[in-house]
Amino acid sequence: MIVDSYRFLPRSFRPFYEGRGPFPGEGYPVWAPFAKRLAGSRIALLTSAGIYLKGSQSTFDLDGERARPEWGDPTWRVIRSSTKPDEVGVAHLHINDDDLHTDPEVALPLRGLDELVSEGVVGSAAANHLSVMGYQDRRLEDWRRTTVPAIIDHLRTEQADGLVLAPA
């Protein structure tokens, strides 16, 4: 199987990502082998679309980002696998959220993952998935110190074997 990592990006983005090479401090692209068969694995989703649950979670900090355009809110939200489309809010300054309000599956394919589980392609879906705001400070200091360790702890609690970054 050939995976086109750029399929869902606007065509103009492809040259930037395709030829960028490693970021400063990266010796090589981040990669971890996947030891289990997918059909026996529990998979979690991570969206970078700034999705949150209206009424029960706070929005991502758009005012902070407007005040400091180089900054992005490094917090994260847990999204239940049973979340309905009308429960979803979107807070992100760098994407057009109209499509996400119409169909959140575009950025967080909960039903799509459920279909793969029912077909036996994936063993199971995590009970809770994750959402972040994809635009971040280039240094990623808050992410390295706080966000990533907390997300890893959450994924271990969920007993997730793999994480899929949903397009956003």
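The points below go from the overall fold to two spots in the chain.

1. **Ground rules.** This is a predicted model, where local features need pLDDT of at least 70, side-chain atom pairs count only at pLDDT 80 or more, and totals for chains, interfaces and linings use all residues. Residues are numbered from 1 along each chain as its sequence is written, and side-chain values use heavy atoms, leaving out hydrogens and water.

2. **Fold.** The protein has 5 helices and 7 strands, taken as DSSP runs numbered from the N terminus (helices: H or I, at least four residues; strands: E, at least two). Along the sequence they follow α-β-β-α-β-β-α-α-β-β-α-β.

3. **Burial.** Of the 168 residues, 31% are buried (under 20% relative accessible area; exposed is over 50%, partly exposed in between; 1.4 Å probe, protein chains only).

4. **Contacts.** Among contacts (heavy atoms within 4.5 Å) with a separation of 6 or more, 77% join residues 24 or more positions apart.

5. **Trp-76.** Trp-76 sits in strand 3 (residues 76-80) and is partly exposed, with a relative accessible area of 24%. Leaving aside residues up to four places away in sequence, Trp-76 touches several residues, including Phe-60, Leu-130, Val-132, Ile-151 and His-154. Its C-alpha atom is 8.4 Å from that of Gly-50, 26 residues away along the chain.

6. **Val-121.** You will find Val-121 in the loop between helix 4 (110-118) and strand 5 (124-125). Val-121 counts as partly exposed because its relative accessible area is 37%.
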